[in-house]
Amino acid sequence: MIHKLNWLFFMNNAGFANANLTSISSILNKVIHPVLQRMMAKKVILLDKVKKNVRTTIANDNVYISAAHQYHSGFYAVAEGTQPKVGRGSYIQMVAALKFIFMTYGFTDQALTLAAKQGKEAIAGTFDAEFETGMITGKKHMNRIFHGDGNGKLCLANGAGVATTALVVDGNPAAGGGTKHTKYLAPGQHIHIGTTAAEISTVDSDTGVTLLAAVSWSDNDVITLLNDAEPMGLAGHIDDGDNVSTYQNLSRTTYPILKSQVDDTAEALTEADMIQVVVDALEFGDGPDVGLCNKDLWRKYGALLTSMKRSVDMKDLVGGWKGLSLLAGSKEIPIICDYDTWDGYVQFPRFSGLTIAEATDMFEWMAGYDGKGDVLRRSPDGRTDWEGTQKWYMQLCGLQVNDMARLRAKTT
């Protein structure tokens with residue numbers, strides 16, 4: 001391989017030296033970047049289904065969302081000659097912090113020089129394999145983030161460590177009912193174990209990694225990406241205050257309209273429980289568009305239908321998704337296996353009740369500081385290395401969540 005990739009998915013700015021690679025920058029911006037965006041959107045269901053910048057205003061690093069709080073007070077039925085009272089609506093303004101996501105790449109000078117001499121096809125070919133690998137990683141992390149609660153938990157440290165490189169982990173919220181607790185960890189990845197920074201050298205098993213240097217930590221320290229500050233996901237949006245009590249800067253206790261319909265009883269999954277929360281959600285609006293659960297609960301739901309000897313149709317959802325169906329009231333909802341859904345959860349989102357507020361295009365290239373528009377800059381750590389950064393300044397915001405639903409703590 002004549003080029004190398006240094007893939008990091010992190011949440012902090014990085015600075016690079018100036019460079020002038022105008023021809024390569026043009027290929028990246030005009031040829032590769034649009035393909036990159038389409039690939040990412042089709043890989044993550046919310047990216048493809050949720051509209052962008054609906055009823056939101058971005059100011060500085062905050063996203064402002066306005067929503068009706070209660071019924072309008074101007075509705076009356078009065079006798080002839082009686083004047084109805086003047087009414088007004090009640091509104092709330094929610095605030096969500098904008099988040100800053102970056103994808104970084106590194107290439108050798110030799111690879112870029114040889115590709116540039118051979119023309120745009122060679123340049124595109126040089127980057128193609130790197131971005132294909134990047135899309136796999138990007139898809140998994142964005143899907144993980146969109147199922148999370150904004151805290152970025154990858155897993156937990158299992159047991160205290162004192163000046164050691166052997167890290168055992170558990171507590172991955174989407175381990176799939178098994179022990180795949182290292183599924184979001186990778187060699188070369190920089191993480192925080194509680195407040196301690198560390199770098200992963202190797203991933204050794206589903207429950208263990210080796211760190212590059214010895215560090216200490218406490219049992220159950222939360223493991224996140226280094227300097228993590230992630231967007232909100234479904235576990236925070238579809239909630240009644242258990243995961244996120246202060247939602248988009250407002251208390252869910254004070255504003256019940258910010259609570260979703262939930263069933264948190266620890267028990268085996270039943271079709272009746274699924275129907276109940278969906279019917280509860282339909283009282284407040286159009287209700288969910290889809291049900292998402294991990295592979296164990298998806299198999300459990302399929303087994304429930306089979307045991308009741310019902311005819312089970314597979315329902316397509318554009319973007320490569322296919323699932324079983326749930327008939328709740330007058331609404332038929334596809335039930336889809338999503339491996340990043342938290343264990344024990346069945347999430348019922350409504351796509352139009354969410355919006356992606358963005359201040360940049362999805363993963364647009366960060367231009368250089370020399371005014372020439374170059375997107376690659378010489379690495380400050382290597383004379384023959386070049387680095388490029390893509391950015392996406394965004395937040396997944398909730399517009400209306402009381403007609404969404406979730407089940408939690410369900411088992412097979």
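Phe127 touches Ile24, Leu28, Ile32, Phe107, Leu112 and Leu376, leaving aside residues up to four places away in sequence, where contact means heavy atoms within 4.5 Å. The model is predicted, with local features needing pLDDT of at least 70 and side-chain atom pairs counting only at pLDDT 80 or more, while totals for chains, interfaces and linings use all residues. Residues are numbered from 1 along each chain as its sequence is written, and side-chain values use heavy atoms, without hydrogens and water.

**Nonpolar cores**
- Phe127 and Phe146 touch the most other members of the largest nonpolar core, which has 63 residues; such a core is a set of buried Ala, Val, Leu, Ile, Met, Phe, Trp, Tyr and Cys residues joined through side-chain atoms within 4.5 Å, buried being under 20% relative accessible area with a 1.4 Å probe and protein chains only.
- Helix 4 (residues 120–146) supplies the largest share of this core, 8 residues, helices being DSSP runs of H or I with at least four residues.
- Another core, of 21 residues, lies apart from it and includes Leu167, Leu185, Ile223 and Ala235.

**Helix 6**
- The buried residues of helix 6 are Glu271, Asp273, Met274, Val277, Val278 and Ala281.
- Seen down the helix 6 axis, these buried residues fall within an arc of 170 degrees (taken from the directions from the axis to the C-beta atoms), so they line one face of the helix.

- Strand 2 pairs with strand 3 (residues 62–70) over 4 bridges in the antiparallel sense, and Ala59 stands opposite Asn62 in strand 3.

How values were computed:
Buried < 20%, exposed > 50% of the residue type's maximum accessible area, 1.4 Å probe, protein only. Helix = DSSP H or I, 4+ residues; strand = E, 2+ residues; numbered from the N terminus. Pairing = 2+ DSSP bridges.
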